[in-house]
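Good morning, everyone. Please look at the sequence and the model on the screen.

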Amino acid sequence: MSGRQAKILSAADLTDLLVFASVRIERIDRIGLELGMQSKSYLHVEEDDPLSAVADLRRTWTMSREAWQIRTETQMRLSCTRDIFLLQGSLRAWEGANEVRRREWDRSIPRDFL
């Protein structure tokens, strides 16, 4: 099962606001393994203001067989000011209901005239 959809939240300007969503589930019957992926992307920029640009990406991956299940969730947000790119991200991982790992990033990267 898989699907992808894009939704334009503001029809006035196609660059204003976009949301892309995708879900995919595959099963390998021979070994009883199920793989899943869900993603959502949010892109935004205001007319005549390139410094308003934001990209927010979210992904969830799952893998399971019988009672065993793992899941990872990632998130990344990129925006900028006149002088720096702002990059924020996170990773969370679970085995069953137990969160086994969490990591977060928050970086400022000089634009160096970009």
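A word on the ground rules. This is a predicted model, where local features need pLDDT of at least 70, side-chain atom pairs count only at pLDDT 80 or more, and totals for chains, interfaces and linings use all residues. Residues are numbered from 1 along each chain as its sequence is written, and side-chain values use heavy atoms, with hydrogens and water left out.

Side chains of opposite charge can pair when their charged atoms come close. Here, a salt bridge means a side-chain nitrogen of Lys or Arg within 4 Å of a carboxyl oxygen of Asp or Glu. How many salt bridges does this rule give? The count is six.

Let's start with Arg24. Its partner in a salt bridge is Glu26, with the closest N and O atoms 2.5 Å apart. Buried or exposed? For that we use relative accessible area: buried is under 20%, exposed is over 50%, and partly exposed is in between (1.4 Å probe, protein chains only). Arg24 is partly exposed, at 43%. Glu26 is partly exposed too, at 37%.

Next, Arg27. This residue forms a salt bridge with Asp29, and the closest N and O atoms are 3.0 Å apart. Arg27 is partly exposed at 49%. Asp29, at 61%, counts as exposed.

Now move along to Arg92. Its side chain meets that of Glu99 in a salt bridge, 2.7 Å from N to O. Arg92 has a relative accessible area of 28%, so it is partly exposed. Glu99 is partly exposed as well, at 35%.

Which residues are linked in a network of salt bridges? Arg92, Glu99 and Arg102 are. Thank you.
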